[in-house]
Amino acid sequence: MKDDKFRMIQGFRGISIILIVLWHLNYIWPKSLPEIGNIGVEYFFLISGFLVIYLHINDNKLATFKLSLNYTKDHYKKTYIEYILSGIPFIIVLLKNSLSCKSFLKILCYVFCFQAWVVPDESSISINGPTWFLSALLFCYFFTPVLIIGLKKIEPIELLTGIFITSIVYELICINLVPEWQYPSSYDGGPVRAYLTYFLPIYRFTDYSIGGVLGYMFRNSNCGRDVKTNKICLLGLLLALVAALLTGYKMGFVPQKFLVCIEAIIFWNLMTSKSKMVNKIFANNIFCTVGDISSEVFIWHYLIIIIIDKILSIYLPNISLIVKWFLCLTAVWVISFLVNIGKLKAKKYLKTVNC
């Protein structure tokens, strides 16, 4: 893959984390923005699958569950200390408010990175909410061999269509059979619906797999130029999308997997585009710089928002929502950038000591 394409992916990461942070700033200014964070989350899974398959499909790092377990452990170790540190303030507050068995179970789930396997309660994911993503992503890494087997036995276009249709049908079943799980909000429909069609790692594995198939196609088709269309697959996908739209019209919302399908098509067309303008937009220094610190932002931003909000509420109670919103946003980027610099310096120091 050319360097400009890697920079585009990093730019996509930057845009995705910006959408997530802006969405979570609704904590400061409720309903100031629509649920754009969903898009950012989906792109993170899609990009992860794309890169993992593109980079490792032929090197046997993820060919078996034993190998994928080692790969998962390596990624777990890279972020675990930071992940635990970011959750400590939430754990303290949780224990202060309640010393129940439920609280200890939440802590255990967080410590062992099983957050995405627990049905959220009224406070959603109670310990540093956004980090459920790491729990689901580790599951995706571990089950990558399943995706690789599928890629070796089924034509990628057929596999991609099958994933789209299966995931859309699954969501439609959840929506239609249990009315109280309806949208519009991810959480308004109740915790079980939110879990089954948002947090559940198996559900998110479909997003990751879509990215993985695109990565496989990109690697084996001259960067997408030699991809052959399959009319039957396109017809099946079109019917699934029409069904999703009709159901969405009836229920008053569009199923999330329909949007994932559109996002994947947009991602593929941008990655295979020869346009210099597209490259300039998505591979610009701002988006790429934000993409470089996306891991730190993902782990720390929610804690930063809550702490800054509390400090401002105590010492500047009359501050306007716009100013508070802007200060929280600035703090997220500055602190995440400093954390990133600190991590790089620590790695450099440890490398020097080991030498």
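**Exercise 1. At what angle do the axes of helix 2 and helix 11 (residues 256-271) cross, and within what distance do they come?**

This is a predicted model: local features need pLDDT of at least 70, side-chain atom pairs count only at pLDDT 80 or more, and totals for chains, interfaces and linings use all residues. Residues are numbered from 1 along each chain as its sequence is written, and side-chain values use heavy atoms, with hydrogens and water left out.

Solution. 
- Step 1. Helices are DSSP runs of H or I with at least four residues, strands are runs of E with at least two, and both are numbered from the N terminus.
- Step 2. Read the geometry. The two axes come within 10 Å and cross at roughly 55°.
- Step 3. Classify. Angles under 35 degrees count as roughly parallel, over 145 as roughly antiparallel, 65 to 115 as roughly perpendicular and the rest as oblique. Helix 2 and helix 11 are therefore oblique to each other.
- Step 4. Assign the hand. A crossing is left-handed if the near helix is turned anticlockwise from the far one by less than a right angle, and right-handed if clockwise. Helix 2 passes helix 11 in a right-handed crossing.
- Step 5. List the contact (heavy atoms within 4.5 Å). Helix 2 supplies Asn 38, Ile 39, Glu 42, Tyr 43, Leu 46, Ile 47 and Phe 50, while helix 11 supplies Gln 256, Val 260, Glu 263, Ala 264, Ile 266, Phe 267 and Met 271.
- Step 6. Sort by class. Ala, Val, Leu, Ile, Met, Phe, Trp, Tyr, Cys and Pro count as nonpolar, Asp, Glu, Lys and Arg as charged, and the others, Gly among them, as polar. The contact of helix 2 with helix 11 has ten nonpolar, two polar and two charged residues.

**Exercise 2. Describe how helix 1 packs on helix 2.**

Solution. 
- Step 1. Helix 1 spans residues 3-24 and helix 2 spans residues 37-56; their axes come within 7 Å and cross at roughly 155°.
- Step 2. The pair is therefore roughly antiparallel.
- Step 3. The crossing of helix 1 and helix 2 is left-handed.
- Step 4. The contact has 16 nonpolar, four polar and one charged residues.
- Step 5. Asn 26 lies in the loop between helix 1 and helix 2. Asn 26 is buried (under 20% relative accessible area; exposed is over 50%, partly exposed in between; 1.4 Å probe, protein chains only), at 15% relative accessibility. Beyond neighbours within four places in sequence, Asn 26 contacts Lys 31, Ser 32, Leu 33 and Pro 34.

**Exercise 3. Is Asp 207 buried or exposed, and which residues does it touch?**

Solution. 
- Step 1. Asp 207 sits in helix 9 (residues 201-220).
- Step 2. Its relative accessibility is 1%, so Asp 207 counts as buried.
- Step 3. Not counting residues up to four places away in sequence, Asp 207 touches Glu 42, Phe 45, Leu 46, Lys 257 and Val 260.

Notes:
Axes are lines fitted to C-alpha atoms, for helices over the stretch in contact, and angles run from 0 to 180 degrees between N-to-C directions.
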